[in-house]
Amino acid sequence: MYKTLQGRQLLKQEIPHPLRKYLKKDNSIKKVKAMTYSKKDITCRRCGHVNNQDSCQINGGFYCDYCLNMGRVTSEDVLYRIPKSPRKTSQKTHCFWQGELTKQQACISQEILDSYRRTRHHFVHAVTGAGKTEMLFPLIEQVLTDGKVIGIATPRIDVCLELYPRMKEAFQDTTINLLYGHSSQTYNGASFIICTTHQLMRFYRYFDVLVIDEADAFPYVHSDELQYVAKQSLEKKGCFVFLTATSNPRLEHYSNTEKSMLAKRFHGQDLPVPKTIYCRNLAINLRKGKLPKKMRMEIEASDQSYILFFPDIALMSMVYPVVKKTWQKKKVAMVHASSDTREQVVKQMREGKIDLLLSTTILERGVTFKNISVMVVCADHRVFNRASLVQIAGRVGRSVNYPTGHVIFLHEGKNQAMVSAIKEIKQMNKEAKR
């Protein structure tokens, strides 16, 4: 039982029928009411969300509307918290990665290791393309060798899908679970988990080390609930490692936390500074099926593939057929969170088989394409904040063989987010030269 249930926090209906017999026999399994009450509110113990009793009534009881997509939890339910089984004191793990960290990367990697050994949390602010994943390899190797459990959780599915094959290649002798909403894998008690932050709701005191990758991303950074479940999934004496490419005071001031900063990309080239292009009546013209002349000129002048970022699916869907008609000899594709072909399209883009990819913000971070430029359409839209614009710019020039490219912000008027993003990129480039 412990291999498939250990370290989990589950509703009864989430536990396979053949294993339910252990629920009564094993005294180490804790049963807790799924919700606690106050006068007007009811708090979900799975996600920590505080629900108003008047708005979450069901069949004489209550339900939590925040974590509904993880399966409905009600006031009548019980959460089963299954402890993890003792691990071996030592199980030598080998990292097969053949690369070499730069001097700065190696320094930060050692600082993270030191924090782990001192049971302290660690915050890493490193620019996009700095090689944050590779800096984690020594930590992962040590944690697994110590017979402990490590997890990498991120708010974005696409980041999980990017990380998993890289980690499998680096740790070939290690079982790694990949868990997200529609994942074909199921949890099997692995000591190395890669998952979305929502999946942490199903863990309880399991991770000795939990890496929150893209910790500044929506929805994690502004979600008390996701931060609650992250803490709940961590061993009481466990430690967090927060990774981010944009500054965030809320995370940097986390208690008992060491900090590291890396302003230089692993290949030593500057971050691309965005070019802003004013387009009068941009959104109106796009909805009429008219592509701005400046937009066409930038795309046609480039020999790189382009990702065109849009603020919403509706506008992107209107522009998609126009782009296909305008560049009939180019391979054009579109992707968003609900795309059935999402994984396939991203894979094709990674393989260089797509010339123009239209995307929402789902590809703003955590994904690497070798030889691309990016264009943010309606960059002044409220959906694009400072952090997302910095991240989008960071998709360009990530490869040592293709360290440059264009970042274009199309807009109808510069806003504070655009100005702040450009200022932060220039500042990091300045820091990198010190």
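Student: What span should the 15 residues of helix 3 (residues 103-117) have, at 1.5 Å a residue?

Tutor: This model is predicted. The expected span is 1.5 Å times one less than the number of residues. The end C-alpha atoms of helix 3 are 21 Å apart, which agrees with the span that its 15 residues should have, 21 Å.

Student: Where around the axis of helix 3 do its buried residues lie?

Tutor: The residues in question are Q105, I108, S109, I112, L113, S115 and Y116. They cover an arc of only 160° around the axis, which puts them on the same side of helix 3. An α-helix has 3.6 residues a turn, so residues three or four places apart point the same way. The answer is therefore the same side of helix 3.

Student: Which helix do the buried residues of helix 3 pack against?

Tutor: Their partners include strand 9 (121-126), strand 13 (207-213), strand 14 (234-244) and strand 15 (257-262). The helix among the partners is helix 4 (132-145).

Student: Which residue of strand 19 (residues 356-359) points the same way as L357?

Tutor: In a regular strand the side chains alternate between the two faces of the sheet. L356 and L358 point one way from strand 19, and all four residues, L356, L357, L358 and S359, are buried. Pointing the other way, together with L357, is S359.

Methods
Residues are numbered from 1 along each chain as its sequence is written. This is a predicted model: local features need pLDDT of at least 70, side-chain atom pairs count only at pLDDT 80 or more; totals for chains, interfaces and linings use all residues. Side-chain values use heavy atoms; hydrogens and water are left out. Helices (H or I, at least four residues) and strands (E, at least two) are DSSP runs, numbered from the N terminus. Buried means under 20% relative accessible area, exposed over 50%, partly exposed in between (1.4 Å probe, protein chains only). The arc is that of the directions from the helix axis to the C-beta atoms. Contact means heavy atoms within 4.5 Å.
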